[in-house]
Amino acid sequence: MSHSWMPTSPCGDGCLTDGAPTVGLPRRIFRFTAAISVVFATLLIAPALLVIRGRSRERLVRRIFRAVLRAFGVRMSVVGGADFLAAPAGRGALVVNNHISWLDIIAINALRPMRALAKIEIASWPILGTLVRRGGSIFLDRNRLRALPDTMSELADSLRAGALVNVTPEGTTWCGLASGRFTTATFQAAIDGGVPVRPVALRYRLADGRETSQPAFIGPESLIASLRRVAALRGLVLEVHVCPEIAPGRAEDRRSLAALAEAAVHSALGTVRIPPQRRRRILVGRPAPSQPVAH
């Protein structure tokens, strides 16, 4: 079941770039084995995560997510964000990013562990689902419109209480070569919670610098198919650009706040986004304003 308000993406198999180098079957099997081992290790140390607090817990969780990236042969390159990485725990913020792959949420938590607003289907996903559940995610059932206000209220309460919460406001994945508009509902939670918004821009490249859409999780493909494609890539680099935060009160409403965050992401990636133009009303019977004459 779906609703007309759900964001959709036109991206599909045709968006996948060609020419990406790959590894052999033994290396692919090794990568899956390594990723599964990380998940099992996480389950074993889960009781310790409930006891450890503060920076020690954050360092441990960050290592877990970085281990997943390494298992799949992904190298993460971080640009900016020194203030964000050094910020003390207990200062809430809405962390928003463009959405390309299931790797996105792993990268964000490898940067700094946090809760996530995730669609409820992710809870049952292999590997990622376990990590996301353990991270205390807030799950959104997109098929139940009536549940949306309660979910946004829970998000605002978490932010107000000092939590970092990751949200992908495009609402669905895109190929990375194209992107979607930032929806506004979650930005209202940041306003209600009185917390800043921290935009993060993600880009996937190959070792030779070419941008690639191979890691994208798009179209009707299964998660397993996407996992297999990522596990086969050689030299995948995930660029993470941490943008300056948008302070509370800088935007007058959630629509303006979403536009500021979206513009920050496109600026970091060097892409251009033309804002939507409002139609001008034409008043019948009133002469058009005179135009200046060039000399």
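Q: How many of the residues of α8 are buried?
A: Buried means under 20% relative accessible area, exposed means over 50%, and partly exposed lies in between (1.4 Å probe, protein chains only). Helices (H or I, at least four residues) and strands (E, at least two) are DSSP runs, numbered from the N terminus. In this predicted model, α8 is mostly covered, with 7 of its 10 residues buried. They are Leu 223, Ser 226, Leu 227, Arg 229, Val 230, Ala 231 and Ala 232.

Q: What ground rules apply to the model and its numbering?
A: The model is predicted, so local features need pLDDT of at least 70 and side-chain atom pairs count only at pLDDT 80 or more, while totals for chains, interfaces and linings use all residues. Residues are numbered from 1 along each chain as its sequence is written, and side-chain values use heavy atoms, leaving out hydrogens and water.

Q: What does the whole chain look like?
A: The protein chain has 9 helices and 7 strands. Of its 295 residues, 47% count as buried. Accessible areas come from the Shrake-Rupley method with a 1.4 Å probe, and for residues only the protein chains shown count as cover. The chain exposes about 15,700 Å², of which carbon and sulfur atoms supply 56%.

Q: Which residues touch the most other members of the largest nonpolar core?
A: A nonpolar core is a set of buried Ala, Val, Leu, Ile, Met, Phe, Trp, Tyr and Cys residues joined through side-chain atoms within 4.5 Å. The largest one holds 47 residues, and Phe 72, Trp 102, Leu 103, Ile 106, Leu 238 and Val 240 touch the most other members. Elements that each supply at least two residues include α1 (25-51), α2 (54-71), β1 (74-79) and α8 (223-232). A second, separate core has 26 residues, among them Val 195, Ile 246, Leu 257 and Ala 261.

Q: What is Leu 103 in contact with, leaving aside its neighbours within four places in sequence?
A: Contact means heavy atoms within 4.5 Å. Leu 103 meets Leu 69, Val 74, Tyr 204, Pro 215, Val 230, Leu 236 and Leu 238.

Q: How do I read two packed helices?
A: Two packed helices are described by the angle between their axes and the distance between the axes. Axes are lines fitted to C-alpha atoms, for helices over the stretch in contact, and angles run from 0 to 180 degrees between N-to-C directions. The axes of α2 and α4 come within 7 Å and cross at roughly 140 degrees. That makes α2 oblique to α4. Angles under 35 degrees count as roughly parallel, over 145 as roughly antiparallel, 65 to 115 as roughly perpendicular and the rest as oblique. Residues of α2 including Phe 65 and Leu 69 meet residues of α4 including Leu 103 and Ile 106.

Q: At what angle do α7 and α9 pack?
A: Helix α7 (residues 185-193) and helix α9 (residues 254-269) pack at about 105 degrees, with axes 8 Å apart. That makes α7 roughly perpendicular to α9. Among the residues making the contact are Phe 187 and Ile 191 of α7, and Leu 257 and Ala 261 of α9.

Q: Is Ile 218 buried or exposed?
A: Ile 218 is in the loop between β6 and α8. Ile 218 counts as buried because its relative accessibility is 2%. Beyond four places in sequence, its contacts include Cys 11, Cys 15 and Trp 174. The C-alpha atoms of Ile 218 and Trp 174 are separated by 6.4 Å, though the two are 44 residues apart along the chain.
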